[in-house]
Amino acid sequence: QVQLVESGGGLVQTGGSLRLSCAASGPTFSSSAMAWFRRAAGKGRMFVAAISWSGGSTGYGDSVKGRFTISRDSAKNMVYLEMNSLQSEDTAVYYCAGRPTFYSTAYYTQDHEYHYWGQGTQVTVSS
């Protein structure tokens with residue numbers, strides 16, 4: 001079992017930056033693919049970014065490519081989402097998710113493929 005706790009959300013102006021953090025605990029984190037999803041008000045959960053267990057493979061949703069960067073520090077059991085050039089459309093609750101992949105290089109872009117979820121952190125981008 002892996003427990004995830006997000007932090008780093010808040011209010012930021014258009015064009016600004018934020019870094020979200022996800023603290024993980026549990027024996028399978030180091031062999032898990034990790035991801036960030038988001039849910040805007042009145043909308044479904046949307047894929048943002050994912051990273052393989054080693055950090056060697058990453059993927060991004062089309063709307064965040066070139067602006068967001070996912071990374072992990074397995075020594076600290078942490079996953080990060082660096083968000084730059086934030087726009088009002090990025091306003092949402094951001095969730096960290098994980099799935100054991102037992103050292104496969106895979107990552108996943110569908111929310112139903114993830115086993116563990118954090119409680120979410122709100123990001124609000126204002127003009």
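With 127 residues, a compact globule would have a radius of gyration near 14 Å, and the protein's 13 Å agrees with that (taken over C-alpha atoms; the rule is 2.2 Å times the number of residues to the power 0.38). Keep in mind that this is a predicted model, where local features need pLDDT of at least 70, side-chain atom pairs count only at pLDDT 80 or more, and totals for chains, interfaces and linings use all residues. Residues are numbered from 1 along each chain as its sequence is written, and side-chain values use heavy atoms, leaving out hydrogens and water.

**Exercise 1.** Work out how many helices and strands the protein has.

*Solution.* Start with the DSSP runs: helices are H or I with at least four residues, strands are E with at least two, numbered from the N terminus. The count comes to zero helices and eleven strands.

**Exercise 2.** Find the strand order of the open four-stranded sheet, then its edges.

*Solution.* Strands pair if DSSP finds at least two bridges between them. The order is β1-β3-β8-β7, with antiparallel pairing. β1 (3-7) and β7 (68-73) pair on one side only, making them the edge strands. Now zoom in on β1: five bridges join it to β3 (residues 18-25), running antiparallel. Here E6 sits opposite C22 of β3.

**Exercise 3.** Say what percentage of the residues count as buried, and what share of the contacts join residues at least 24 apart.

*Solution.* Buried means under 20% relative accessible area with a 1.4 Å probe, protein chains only; 46% of the 127 residues qualify. For contacts (heavy atoms within 4.5 Å), take those between residues at least 6 apart in sequence: 60% join residues at least 24 apart.

Methods. Buried means under 20% relative accessible area, exposed over 50%, partly exposed in between (1.4 Å probe, protein chains only).
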